[in-house]
Amino acid sequence: MSAAPSPGPAHAPGKGLALPSWKPNLAPNPDGSPWWARAFRITNIRIASQAFFFGLFVFLLWVTWLSRLKGYPASLFLEMDPLVGFATALSTHTVYRHLWWGLFLLVPTLLLGRVFCNWACPYGTLHQVTGWLFNIRSNKSRIEKNRYRPLFQTKYYLLGVLLVMAAFGSLQIGLLDPICLLVRTFTVTIIPAVDWGLASLAAQGLTSASSLLFKPATPEPRVFAGAWFVGALILGLVGANLFIPRFFCRVLCPLGAFLGVLSRWALFRIDRDVTKCTDCDLCLKGCEGASDPQGALRKSECFVCFNCIDDCPEDALTFRLNPLPSIAQLVKGSVKDGTATLGGLPVISKNLAVEVKAPDVPRRRWLFTAVAGVVAFPFLRFSKDVNKRGFHHKAIRPPGSVAEPEFLERCIKCDQCINVCPTNVLQPAKLAVAGLEGLWTPVMDFSVGFCQLNCTLCSEVCPTGAIQKTSVEKKLGLGAYAEAGPVRLGTAFFDRGRCLPWAMETPCVVCEEVCPTTPKAIGTYDEVFTRWDGKTVTLNKPYMRPELCIGCGICQKECPVVDDAAVYVTAIGESRSDDRTLLLSGKKTT
Amino acid sequence: MNENRRRFLKQLGTVAGISLGAGYVSLAPSGWPLSLSDPDGEGGKPREKGLRLPENGFAVDPSNVLPLLGVARGADLDAMLKAAVDAIGGIRRFIRTGDVVLVKPNVAFERSAPLGATSNPDVVAALVRLCREAGAAEVRVADNPIESPAACFARSGVQRAAIDAGSEVYLPTPSDFRLLETPGATHIARWPFFWRPFAGVTKVIGVAPVKDHNLCRASMTTKNWYGLLGGRRNQFHQDIHGIIADLALMLRPTFVVLDGSRVLWRSGPTGGSLADVREGRTLVASTDSLAADAFGWDDLLERKGEPLPAYFAKAAERGLGNPDWKLTNVREIQVG
C-alpha cells in the first residue's frame, strides 16, 4: 500500500550498485574430468557450429553482389540442400551443375541422423534462438511442450505431395524448403530493411556503416513486389515458436521430413540406458525435435541437438553407434514387480521401448499424399497463368531462362537471382502474374529496373539451371553465338497515346537515347512542328525496330511517363519460347 | 480511509494529466512549445532546406595573359594532359597543397572504354595523378550513371584506373542526394544533387568524352554535369538545351578536360560499335567549358560550319563562357 520504496541493498546509502565478483572456476568436474571439459561440452560446440553456419549463410548472401562475387560459392546452401537436388532430379531427370553437393549433407544424415537441423540449418537456428530468447515457460511446461504430437506428421504429408508433384514436372518444394524460404526472405525483406538502417546511420554521419551495406552503389532503395507478404510469413512462422517450440521445423519443414525419412537408416542415435533412467522426463526440457528421448526415441524426429544428454541427471543418455533397436527380450524378470535386470544390472525405467525407427506416418496416409500430389498437379498446371495457352504477358523471365515448362521444373523460388540483380528489375512474381505455381519465381518489372546489357549474374547464381549459366557472348549473340543471335527477353511497344512527342507536342526521346543495341532498336521520325501556342519545336517521334529489340526494358525504365510508361516491354518475341515468337523471320528453325 | 483517498487522488491526477496533456499538444497554437497543432495540414509536410555551392563555383582567378584553351595532340596521354594543362597555366595554378579535388568523369553507360561512350580511364587516371603530384590532399572520382553504377564503373575501367591512380571512387547510394539550389536556373533551381562526394571539396574538374548525342547533337564537358544530379532526370529531354545551360550555371568548375582521345562520332550517346568511334589523339584543357566544347564540335566531331547546338548560345547569354573559341587565345602543342 505504501508508496515508499522498500530499502534494499541497491538503494543503501553510501553504496553504489554492487557488481557481482567473477572468478574463474578452475576446479575439476565432479566426475574427475578437467575444468575445460565444461567449456567444450558438446552442446557448446553445437552452438558454435550453428553460429558459424548462420554467419556463413549471411556472409554468402552479402557477397551475392557484382562487386563482391569473386568466385565465392554464393548459392552454397541451396546447392547443398539435398531436397533441392533430389526434387529437381525427379522433375528434370538430371542433376544440374553443383547440385551433387547435396551428398555433403545426405551422407552425414545417413550416418548421424538429422544433424543438419540443429547444427547447420540457418532457419533452424533462427527458430531455436527465438524460442530461447523469448522463453517464459517453467521447466515443467517446457517438458510438456516438447512431447511428440501427431500434428508433427504434417511435414511428411507436405513432402509427399511436393515430391509427387515434382515427378510430374511442377517443382514446388521452394515454397517451404527452409533454405529457399530463408534466402527469399533475406532477399525480399531482411536485406532491404538492414540496408535502410545502415543508410540511415551513414546519413547521420557514421560513414563506415555504408561499407557494410548488402547492396552498395544503388542510387535508390531496392523494392520488391509483395515484400509485405514474405515479411508477414517470416514473422508468423518465427512467432509460432512462442506457441509451439520449433513449430516450422517440427510441423512444416519438407527438408526436415526428407532428412527424417533418411534418418531411419542412420547408424548413430541417442540411446537410453534403462538401468539408469529414472523416467524423470528432464531430457524433454530442451528437446528441440520433440523426439521422445524419455521413451522410445523417434529417430526421424531427433535433431541431434544433444540437449537431452546435457540435461539428464543420471547420465542415462548417450549418442551411440549401432544401438539395439529393442531390449525387451534381453531383460530378465518383471518390470512391474521391480525385479527386472539387464546384463546383471537392475532396470530402473518402467519403459523398455527405446526406438521408433521410421516417421510416424501410417502406410495408408502415405498413399493419400501420393494421390493428393497426383491430383494437385493438373489443378495447378491447368491454371491459365502458367499454362502455355494463357501465360502472362508480364511474366518476362531473366536472360538464359529455359522455356516455361522446363522453368517450372527447375525454379525453386529461392530468389538468389533477384538478390544478385544489380538494377532491381528482377521481382518475385505475384499470384496475379504467375499463379500459385509461379509464385515468387523471378520476373522482370521494368518500372523498377532494366536488364543490364553485359550482366549475366542471375545465371551465375541460379542453383538449379532454371536460368542456365550464360556467358555475355551468348547473351549478346557475339562470336560463336552470332548465328543464334542475342537472347531476347521480350519486345518493346509504343503507346502513342501517352508518348510525349506523339501525343503531346513535347520533345523527349529518352528511349532512343538509352537504347543499348547497336544499331539502336528505336528510331525516330523527325518533324519540325508548330505547336498550338505558335512555338516551333522539333519532335523526334520514336518507333520500334522489332528485329533489333532485345527486350532489356531500359526504354520503359527511363520513360518519363513513369506511372504507366509510353514504351513498355511484354514477353512476346522472347527467344526461349517457340510459341511466342513475334516476327516470321525471327522464328527458330528447330 | 486515508490510503484510499490518496489512491483515488493519484488516479484522478493521472486522468487529469493525460487529458490536459493531450489537449495541450493538439490544441495549443502552433508557435507554442511542444505544440503539435496543424489546423491546415501544412505543418506535416517535409521542408528540405536547399544546399548551395560556393558563389563563384570552384573557379580560380581569371587570367588576361594565359591562353584559354590548351590543346595537346599525340598518343602519350599523361604527357598530353600535362602539356594541355601547362598551356593554360599549369596544374599549380589550379591545385594547391591540401586541396580536396573532385574529378567528374562521364561513366553514364556500361560500355568498355574502346567504345567511346565513357571517359577514357587512362585520362581519368592521368588527371588523378596530376592532382596528386600538385599536392592535393584527396582526390575523389564520382558520377551518377544512367545504368547500374557498379556495372558502369567496372565495365568502363574507370573504377580500377581511378583507384590505382590514388583516388577514392564515390558511387551513389540513396542517402547521398540532397536538394541543391541554383538561383537563376530555369528548370533545376531546386533539384536533388549527388552531394556526398562534394562534402569538403575545394576544387572540381570535369573530364568528359567527345560524343555525338541523339537529342542535343553533342555531349561534352558541359553536359557532363548531368551525372551530378539525381531525381527525375528523364524529364530533362523535354528542354535539353535549357537544361544544359542550367548545368553550366549550376557548376562552375576549376577547369575541364575534354577527352578527345576517342571520338564517338555517331550513334551517341551510347554507341556500342567500334565503327562509331574514331581515334581523336587530342586532349583539351580549359577554364571555359563552352570554348572547349565548341572546339570539340569544330575540330573533333568535325562539324565545323554546322551551327552549334542551341545550348551554347543559351549558356553564353548568361555569361558562362565563350563558344567562339577562335576569338580566344588557343595554344596547341604536339606531344611526341
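This is a predicted model: local features need pLDDT of at least 70, side-chain atom pairs count only at pLDDT 80 or more; totals for chains, interfaces and linings use all residues.
Domain bounds, as used here, come from an automatic or database domain assignment.

In chain A, the assignment gives domain 1, residues 404-481, and domain 2, residues 491-570. Taken over C-alpha atoms, the centres of domain 1 of chain A and domain 2 of chain A are separated by 27 Å. Eight residues from domain 1 of chain A and nine residues from domain 2 of chain A take part in the contact. On the side of domain 1 of chain A that touches domain 2 of chain A, six residues are nonpolar and two are polar, with no charged residue.

Chain B is likewise divided, into domain 1 (1-47) and domain 2 (69-334). Here the centres of domain 1 of chain B and domain 2 of chain B, again over C-alpha atoms, stand 58 Å apart.

Between the chains, 36 residues of chain A are in contact with 28 residues of chain B. Helix 5 of chain B (residues 149-156) supplies the largest share of the side of chain B that touches chain A, namely five residues. That side of chain B comprises 14 polar, ten nonpolar and four charged residues.

Helix 2 of chain A spans residues 42-62, 21 residues in total, and its first and last C-alpha atoms lie 30 Å apart, close to the 30 Å expected at 1.5 Å a residue. Its buried residues are A:Gln50, A:Phe57, A:Leu60 and A:Leu61. Because these residues cover an arc of only 105° around the axis, they lie on the same side of helix 2 of chain A. An α-helix has 3.6 residues a turn, so residues three or four places apart point the same way. The face of helix 2 of chain A turned away from the buried side carries the exposed residues A:Ala48, A:Ala51, A:Phe52 and A:Gly55. Among the elements of chain A that cover the buried residues of helix 2 are helix 3 (76-79), helix 6 (115-119), helix 7 (122-133), helix 10 (178-203) and helix 17 (416-420).

Strand 9 of chain A (residues 491-494) pairs with strand 12 of chain A in the antiparallel sense, over four bridges. In this pairing A:Thr491 stands opposite A:Thr570 of strand 12 of chain A. From strand 12 of chain A (residues 567-570), A:Val567 and A:Val569 point one way, whereas A:Tyr568 and A:Thr570 point the other way, and all are buried.

Terms used
Residues are numbered from 1 along each chain as its sequence is written. Chains are lettered from A and ligands numbered from 1 in the order in which they are written. Two residues are in contact if their C-beta atoms, placed from the backbone, lie within 7 Å. Ala, Val, Leu, Ile, Met, Phe, Trp, Tyr, Cys and Pro count as nonpolar, Asp, Glu, Lys and Arg as charged, and the others, Gly among them, as polar. Helices (H or I, at least four residues) and strands (E, at least two) are DSSP runs, numbered from the N terminus. The expected span of a helix is 1.5 Å times one less than its number of residues. A residue is buried if 20 or more other C-beta atoms lie within 10 Å of its own, exposed if 12 or fewer, and partly exposed in between; C-beta atoms are placed from the backbone. The arc is that of the directions from the helix axis to the C-beta atoms. Two strands pair if DSSP finds at least two bridges between them.
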